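The sequence and the model are shown first.

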Amino acid sequence: MKLSALTAYLESLAPLNYQEDYDNSGLIVGNQEQEVSQALVSLDCTEAVVDEAIATGCQVIISHHPIVFKGLKKFNGKTYVERVVEKAIRKGIAIYAIHTNLDSIMTGVNARICETLGLKNTRILLPKHNLIKKLVTYVPVNQADAVRDALFAAGAGNIGNYSEVSFNAEGT
């Protein structure tokens with residue numbers, strides 16, 4: 001499958017707009033058109049994890065914590081972050097992080113911890129609000145389907161369990 005299909009699936013479970021402002025979830029290293037058939041899942045993306053991905057033939061690492069939180073200014077191998085990113089790029093291994101966005105869903109990491117501890121009546125302490133935005137646009141009637149399809153392909157129109165949600169009205 002293409003990496004884009006995998007990232008789309010992960011983001012359907014834990015949308016990127018659920019992540020905290022300081023976070024860096026999503027595709028950190030890799031090309032969305034890359035073919036992937038094996039993934040390695042880890043808590044952190046370390047040099048040992050990249051080495052394991054190489055040894056086992058995995059093309060993508062899905063880590064909970066992102067290897068890069070802030071922009072990197074140099075790639076000279078002096079820090080483990082630089083070495084990990086450089087090695088992954090050289091070996092064609094994608095790195096995807098699914099951190100606070102996975103923490104922020106009712107079926108995410110924290111839910112599994114609560115379940116393991118036997119906790120009842122759990123909830124998200126600081127739920128995200130105002131995540132849905134309304135887009136109003138005007139297009140010629142004969143172009144409406146093409147515009148709608150492009151918006152859906154870009155991720156618009158997803159509300160809860162529904163996808164490709166839109167409302168149309170003709171007017172003059």
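## His 99

In this predicted model, His 99 has a relative accessibility of 9%. That value is under the 20% limit, so His 99 counts as buried. His 99 lies in the loop that joins β4 (94-97) to α4 (100-103).

Residues up to four places away in sequence aside, the contacts of His 99 are Asp 23, Ser 25, His 64, His 65, Pro 66 and Phe 69.

Beyond its neighbours within four places in sequence, Cys 45 touches Val 50, Ile 61, Ser 63, His 65, Ile 67, Tyr 80, Val 84 and Ile 95. Ser 166, which is 121 residues from Cys 45 along the chain, has its C-alpha atom 39 Å from that of Cys 45.

The largest nonpolar core consists of 16 residues, and Cys 45, Ile 61, Ile 67 and Ile 95 have the most contacts inside it. At least two residues of this core come from each of α2 and α3. The most is given by α3, with 4 residues. In soluble globular proteins, nonpolar side chains tend to be buried together.

Ile 61 has contacts with Leu 40, Ser 42, Cys 45, Val 49, Val 50, Ala 53, Ile 93, Ala 94, Ile 95 and Tyr 96, neighbours within four places in sequence left aside. There is also a second, separate core, which has 12 residues, among them Leu 10, Ala 94, Tyr 96 and Leu 102.

## Helix α2

Val 49, Val 50 and Ala 53 are the buried residues named in α2. Because the arc they cover around the axis is only 100°, they lie on the same side of α2. Ala 48 and Ala 55, on the other side of α2, are exposed.

The packing partners of the buried residues of α2 are β2, β3 (60-63) and α3 (80-91). Just after α2 comes Gly 57, with a positive phi of about 75°.

## Helix α1

Helix α1 spans residues 3-13 and has Leu 3, Leu 6, Thr 7 and Leu 10 buried. These four cover an arc of only 95° around the axis, so they are on the same side of α1. An α-helix has 3.6 residues a turn, so residues three or four places apart point the same way. The cover over the buried residues of α1 includes β1 (26-29), β3 and β4.

## Surface and positive phi angles

Ile 113, Leu 117 and Leu 119 make a nonpolar surface patch of about 300 Å². Of these, Leu 117 is in helix α5 (residues 109-117). With a relative accessibility of 59%, Leu 117 counts as exposed.

Asn 121 belongs to the loop between α5 and α6 (144-153) and is exposed, with a relative accessible area of 81%. Glu 164 is in the segment after α6. Its relative accessibility is 54%, so Glu 164 counts as exposed.

Notes
Residues numbered from 1 in each chain as written. Predicted model: local features only at pLDDT ≥ 70, side-chain atom pairs only at ≥ 80, totals over all residues. Heavy atoms only, no water. Buried < 20%, exposed > 50% of the residue type's maximum accessible area, 1.4 Å probe, protein only. Contact = heavy atoms within 4.5 Å. Arc of directions from axis to C-beta. Core = buried A, V, L, I, M, F, W, Y, C linked by side-chain atoms within 4.5 Å. Patch = residues over 30% accessible without salt bridge, like charges linked within 9 Å, V, L, I, M, F, W, Y side chains within 5 Å. Areas by Shrake-Rupley, 256 points an atom, 1.4 Å probe, with all protein chains shown as cover. Salt bridge = Lys/Arg side-chain N within 4 Å of Asp/Glu carboxyl O.
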